[in-house]
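Please look over the following model with this briefing at hand.

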Amino acid sequence: MHAASMTTVEVLLQEFYQPSTSNARKREIETNLLAFKSQPEAWQLCLRVATASEGTENQFLWFFSTSTLEHTITRRWTQLTPEDKTLLREALWNTYAQLGASPAKRHRDTLAQLIALMGKREFPEQDPNYMQHCMELTKTRFQLGINLLKVTSEEVVSNRGDLTTEWKQYFYSCISMCIPDVMDLVTTYLLIAVCHINGKDIQTTIPNTLMDFRLTSALPNDNQLSSSILELLGCVQHLVSWIRTELISEYFLMSILDLSQWRPNHEPISLAALSVLNELLYLQKPLPYAGTLIGGVSSLLEQHNGNRRQSEMYGDKFRELLRLYSTKYAGKLMQEPEVLETFLNLLYTCTTELHGALDFTEKLEIWTPIIKGIGQQPGKITRFNHVLTQLVDEIMRRTQFEANKPELEVLDNELMEDDTSATEWQQFLDQCFETLALLANTRGPHVVFAQVYSHWSRPQMYLVSLEHALQHGSNRTYEAARKLKCANVGEILRDFATVCQAVVRLAPLMDTSTAATPAIADEMECQLRMLSESLLQTLQLLASNRLGNGTNEMDKASFQTDMDNLYAQVLLAIRSIFPLSKSMATDELLHRLFAILGSIFTCNSSLSAASPIVQQAASELLLFISTVIRPKCLLEIPQIQSLLQAGSRLGAQLPRQVSINVHISLVSYMVLPWKGVPEQQQDYQRRQWMLREYIQGLAQNFLDLDLGQANETKVAATTLSLLGTFTALIEYFKATGGNAKDMLASTFKPILTKALMIFNSFGLCSIAMAITVAEFSLSMLRTLPTHLGGQFIKEMVTLFINVSSREQLTLSRLAVMEKILQMFKLIVEQPGSASLGLLPSILDFSTQQILPLLQQQNAVTDSSEITSLLYALFDSVLTCKWQFFYKNQLSNGHTSGSGSGSGNFNCSDNLHPAHFMAILNAYGQMLVSGTDPSNVRSVLFSMQNVNERSRLYQRALFKEQLLASFQRALLNLLLSGEGALHFDMIAQALYAMGQVDRRQLLESFAQASLPVAQTALEEICQTSDIPTFTQKLTQLMQDAHCVHLNETS
């Protein structure tokens, strides 16, 4: 019968893995196999297959048999008799110990896993010699023994939920008592491995006190040496990840460091040893023998610099080692300047190796903690000045095509259409310049700036000479310039743009007001003045558009791209130094600058020279001057006057974002206070008139719309084009002062009124127009929450609710509801009681119309964003407008008797119980569904916050009608697969509810049918502090899960 059963299983497995077997038949076969696996006698049949000498002939049957054995050990172990357990243990041990000289790794590991699982259940009670047997096995079958030690180590820290927490902790402590012997054993094997690898005699190399020479036969120097050492290092790597670091000896460290050296004939060993070192350095605890480790890493670095033929994998591992090492030991190295100086010189040599841009930026990360450490001890900087100066030069050299073309030309500088991240080229530059900024903070900005600026003259002089030759030269000069230009001008332009980016990154550090000494401040001001003049000269040259002459069509596109990039970088560089350089703030310089900027925005013959990237950079510079520098003379500049007069035509001439930036710049000039001008000379009255005239000019067609006669298409086109711009414009002024907001409110209120009339007339028929009106209304409410007036806001909200309510809500209209919910939330969060009168309408609309639609469509559409907004609104109502429900706002810190009911209030205390219950029922439904982890967490956080602020759980209405339901929902969520994501917050909620009524919490636990003792439930309910409660709840859930696994086997 037994043979027949296994024969049937074998036939089913063969059929299952046939390509022609249908999925339906596979599901049927799978059901039959699972049924067989659950039979009480199945493990005995499978044990015969797993331990038979011919058991590996049928791979499918062998692995199914071992899977059945694993199921028996992990799910049905308690159902086996002591004799069965002994039979299973001895059979597997004998089979494992008698494996051939070169067993298949998967078979070997599978058997080791089964043995370790049994050991985890029997050591030390039923199998006290388990660890001793593992160590003894290394002496006769080294690879098998070491592998079993590794698998056992993995089981020690495994999170498998098949054992109780108490037993796991007991097993951990028992294994930990054996670890000193294990570490002594593996250290001895490491010493033997080092001798074999280096070709040294063990007897004469290792002292007798350290070596049990009988172990040399376990690890012979034969053709299995490399694989044996790899197994040893794999075991060691896992052991050091969790054992106490004080068990690590100096000889252990020295052996790992020795094995980490690059050996071409033993590359896998070198990689494995580096992995052990990295594992040690990842540990968040101190390591012993720091001096040995520091000296060993320096020796490895010296060897690395002397050997240029190391593999890419070794180089990657070694960089990781250096990064971890510098992070962990930067402080220690600072205490030994001579050691640090030697290490930095070696590290610099390593950094200058040409192994690609990625290799270089990863090596710069190694420098970061050390540079920061040097910066914190200014007295020691002088000693390291030379190497830090070299590093700055190396960074600039590696970013310039002139010096490093082979590495740079392979970097991808193309941005995919749907990709918003920086290009590979830009990421490389950003990382380089962040290191430059770090060096500038350490050595002084003026010192690093001088090194960076030294790279400016070459490309600038090249462009000046080229422009002069093209403009004034003879035919021969012109032809020579043209050839020179075609040869490498693109690379020179890119190098120039790179230097500009470096300057932009360093500019914020060149603040003369924070300079260490007046002499340094003077030097920095001189540098900024020199840079300002160079930038303006370069900008004038680029704006002339003469460098494009003489370019053939083939090169023109590439040349223009490089030119535009440089043009934009120069504009950004000017913006970065504007607030720092005194010379940039003069009226004369502003006129020079805007004479150039005007040509970028003006629609004339030079417009073709201004690409979108240049216009964008110019608009950002204009915006910066208008909002940060805020000079009074701005309106006197002819180019600014031209932009004011252009008005609505800007939208047709410029890209949308550029046009918006220009509008914001002009409005900023009218509403923001001029810098350095007394209050009485701000001329706000005239500027208010200018603002009204300018905005009315932009909005004239919109304001003139006759809603009774104009068709929907015309209204929608006008509304979409104007309100989108105004929304961005109004949003920009959220953080401005009250005077500016008064001016904006009086100017834009008529436009908002017109927009609301359009929404009232057309409703939700045109989704795009409704969204645009709602977005504009939201931006006005967000920027001008008090300046619009309470009555106006009330009428606006009522209008949105009435119009949305007169038409049935559909999924396509949810986008409009998102904006309306955001408006509701803003109103609710406003301080004071002005919004209390709107809350009934807001809550009725939210709970009776939006919430049912979301719950109905939850399964067929992704409405997580609007759902999040709805629950955020509920949270705002509970936290910001608690007085809507209760007159007595209880603050945290008031005391009440836990579980005694002394802090409760009658249901009649709640002023609006229907709305209160509607919000909390929505919370409960979210917890019960548990489909959206983000919203579930938001609900849990909201309940916790409201309870801490207002003692939600002690309110009679909650305690009498909701407490038990919420406890059951939380426990069901905790028992579900998603519960682990929110464990901490669920534990806090259950604890807080238990403090209100411990008896009810015990009943809820009992109703959850947890397979644990009643005493355990009573104990957790009586817990009086949250850390203990969380710990006991964790253990309770793990044990319940363990029992469930065993009962369902």
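Angles between two axes under 35 degrees count as roughly parallel, over 145 as roughly antiparallel, 65 to 115 as roughly perpendicular and the rest as oblique. The axes themselves are lines fitted to C-alpha atoms, for helices over the stretch in contact, and the angles run from 0 to 180 degrees between N-to-C directions. This is a predicted model, in which local features need pLDDT of at least 70 and side-chain atom pairs count only at pLDDT 80 or more, while totals for chains, interfaces and linings use all residues. Residues are numbered from 1 along each chain as its sequence is written, and side-chain values use heavy atoms, with hydrogens and water left out.

**The chain as a whole**

- The chain has 46 helices and zero strands, where helices (H or I, at least four residues) and strands (E, at least two) are DSSP runs numbered from the N terminus.
- Along its principal axes, the C-alpha trace spans about 100 × 85 × 65 Å.
- Of the 1049 residues in the chain, 52% are buried, where buried means under 20% relative accessible area, exposed over 50%, and partly exposed in between, for a 1.4 Å probe and protein chains only.
- Among contacts (heavy atoms within 4.5 Å) between residues at least 6 apart in sequence, 75% join residues at least 24 apart.

**Confidence**

- The average pLDDT of the chain, which is the predictor's confidence in each residue from 0 to 100, is 88, and 92% of the residues score at least 70.
- Over residues 891-902 the pLDDT stays under 50, and for this stretch the model has 17 contacts beyond four places in sequence.

**Helices α5 and α8**

- Helix α5 (residues 82-97) packs against helix α8 (residues 142-156) at an angle of about 135 degrees, with their axes 10 Å apart, and α5 and α8 are therefore oblique to each other.
- On the α5 side Trp93, Tyr96 and Ala97 take part, and they meet Leu144, Asn147 and Leu148 in α8.
- Sorted by class, this contact has five nonpolar, one polar and no charged residues, where Ala, Val, Leu, Ile, Met, Phe, Trp, Tyr, Cys and Pro count as nonpolar, Asp, Glu, Lys and Arg as charged, and the others, Gly among them, as polar.

**Helices α16 and α18**

- The axes of α16 (residues 337-351) and α18 (residues 381-398) come within 10 Å and cross at roughly 15 degrees, which makes α16 roughly parallel to α18.
- The residues in this contact include Leu340, Leu344 and Tyr348 of α16, together with Phe384, Val387 and Leu391 of α18.
- By class, the contact of α16 with α18 has seven nonpolar, three polar and five charged residues.

**A largely enclosed helix**

- Helix α3 (residues 42-51) has seven buried residues out of 10, so α3 is largely enclosed by the rest of the structure.
- The buried residues in α3 are Ala42, Trp43, Leu45, Cys46, Leu47, Val49 and Ala50.

**Backbone details in loops**

- Most residues other than glycine have a negative phi, and most peptide bonds are trans.
- The peptide bond from Phe123 to Pro124 is cis, with omega near 0 degrees, and Pro124 is found in the loop between α6 (105-122) and α7 (130-140).
- Tyr289, in the loop between α13 (267-282) and α14 (290-306), has a positive phi near 55 degrees, and Tyr289 counts as partly exposed at 39% relative accessibility.
- Arg951, in the loop between α40 (933-950) and α41 (956-961), has a positive phi of about 50 degrees although it is not a glycine, and Arg951 is buried, with a relative accessible area of 12%.
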